[in-house]
Amino acid sequence: MDRKVTRKIKLGNIYIGGDSKITVQSMTNTDTRDVEATVSQILELEKEGCDIIRCAVPDMDAAKAIKEIKERIHIPLVADIHFDYKLALKSIENGVDALRINPGNIGSVDRIKSVVDAAKKAGIPIRIGVNSGSLEKEVLEKYKRVCPEALVESALKHVKILEDLDFYDICISIKSSDVMQMIESYRLICEKVNYPLHLGVTEAGTLWRGTIKSSLGLGALLSEGIGDTIRVSLTGDVLDEVKVGREILKSLGYLEDGVRFVSCPTCGRTQIDLINIAKEVENRLKDCKKNIKVAVMGCIVNGPGEAREADIGIAGGKGEGLIFKKGEILRKVKEEDLVEELLKEVEKL
């Protein structure tokens, strides 16, 4: 899959854009001023494979907490700041790896310049984040509604502010809770700039609904080669944001770190407890880092044949099943032994 080539920017110990891998982000939902809770959550996110973390910085105490948080985590930290330029300056002073600001809403040109100068000196990028709730009054008056053209125009206004100050280490996000509006907005800005793009469907909803909306929006753009870093926004456990994000990248072939799991939907031919077997296999392999494809299939019809490209798999029978490898049958085992026998073969791979 050909990706749009964008400007490559450095964020902590990783890169975004250019030939860099597509990264998965999340945002803490702890009180940033509570260092212990925030660090604990970030460390859990790291275990799930989160590449970049963002923390809200609503006041000076939160900006001061950045210093200790940064010292205790292992992934780049982005400070999310609105309106108060002093919070940006303090966050930079305390070692943050990037800023998320909209330069147009932090005050005068002098204030913006002070933040840009500090970011330049520290060598950190700035992410501009536009969404349907952040459009300027004049932009809304021009277009009469929130639309992709309005969102892109707003983003480009903020970009120009930074470019006029000779700052180009920029990442852009244009998010919407409307999936098609989000897709069209990114397609449009992709034609106008070569800055790396942070993809996301904002306010996507709870785990079930939000996963569907995010998969559609992010999947459509990523399949077109658009996007350099992603965040799945869910109302719920932040760990799920990373799990869903990584699975989206795996499904499109952008991520090969870990098990790719397939299982059939069951039908009248299924004569084993396939649903619970599939759940157990998926759970037992959730921490496996081997780049393999594992299949759990309900019958011979959907077994070694349809899943022959799987590295290892199960095909169910009546109270028993086959263990197969690359489409070749290894042996027949009892239903109650299927999971353990499958896992033994995974260990050998």
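Predicted model: local features only at pLDDT ≥ 70, side-chain atom pairs only at ≥ 80, totals over all residues.
Figure 1. Helices H7 and H8 pack at an angle of about 20 degrees, and their axes lie 9 Å apart. Angles under 35 degrees count as roughly parallel, and H7 and H8 are therefore roughly parallel to each other. In this arrangement H7 passes H8 in a right-handed crossing. On the H7 side, the contact is made by Val179, Met182, Ile183, Tyr186 and Arg187. These residues meet Lys213, Leu216, Gly217, Leu218, Ala220 and Leu221 of H8. By class, the residues of the contact of H7 with H8 comprise 8 nonpolar, 1 polar and 2 charged. Two packed helices are described by the angle between their axes and the distance between the axes.

**Figure 2. Helix H8 and its surroundings.** Helix H8 covers residues 207-223, a run of 17 residues. From its first C-alpha to its last, H8 reaches 23 Å, close to the 24 Å expected at 1.5 Å a residue. Gly210, Ser214, Gly217, Leu218, Gly219, Leu221 and Leu222 are the buried residues of H8. An α-helix has 3.6 residues a turn, so residues three or four places apart point the same way. The elements against which the buried residues of H8 pack are helix H7 (179-190), strand S9 (198-199), strand S10 (229-231) and helix H9 (238-251). Just after H8, Gly225 adopts a positive phi of about 85 degrees.

**Figure 3. The loop between strand S5 and helix H3.** Phe83 lies in the loop that runs between strand S5 (77-80) and helix H3 (85-93). Although Phe83 is not a glycine, its phi is positive, at about 75 degrees. Most residues other than glycine have a negative phi, and most peptide bonds are trans. Phe83 has a relative accessibility of 59% and counts as exposed, because the exposed class begins over 50%. Asp84 is also placed in the loop between S5 and H3. With a relative accessible area of 31%, Asp84 is partly exposed. Asp84 and Ile101 are 17 residues apart in sequence, and their C-alpha atoms are 9.7 Å apart in space.

**Figure 4. Thr266 in the loop between strand S11 and helix H10.** The loop that holds Thr266 is situated between strand S11 (260-263) and helix H10 (274-284). Phi of Thr266 is near 75 degrees, a positive value in a residue other than glycine. The relative accessible area of Thr266 is 33%, and the residue is partly exposed.

**Figure 5. Thr38 in helix H1.** Thr38 belongs to helix H1, which comprises residues 35-48. Its relative accessible area is 0%, and Thr38 is buried. When neighbours within four places in sequence are left aside, Thr38 is in contact with Thr28, Thr30, Asp31, Thr32, Cys55 and Ile69.

**Figure 6. Ala63 in helix H2.** Helix H2 consists of residues 60-72 and includes Ala63. Ala63 is buried, at a relative accessible area of 0%. Residues up to four places away in sequence not being counted, Ala63 touches Val57, Leu87, Lys90, Ser91 and Asn94. Ala63 and Asp80 are 17 residues apart along the chain, and a distance of 9.9 Å separates their C-alpha atoms.

Conventions
Residues numbered from 1 in each chain as written. Heavy atoms only, no water. Helix = DSSP H or I, 4+ residues; strand = E, 2+ residues; numbered from the N terminus. Expected span 1.5 Å × (residues − 1). Buried < 20%, exposed > 50% of the residue type's maximum accessible area, 1.4 Å probe, protein only. Contact = heavy atoms within 4.5 Å. Axes fitted to C-alpha atoms, helices over the stretch in contact; angles between N-to-C directions. Parallel < 35°, antiparallel > 145°, perpendicular 65-115°, else oblique. Left-handed = near helix turned anticlockwise from the far one by under 90°. Nonpolar A, V, L, I, M, F, W, Y, C, P; charged D, E, K, R; others polar.
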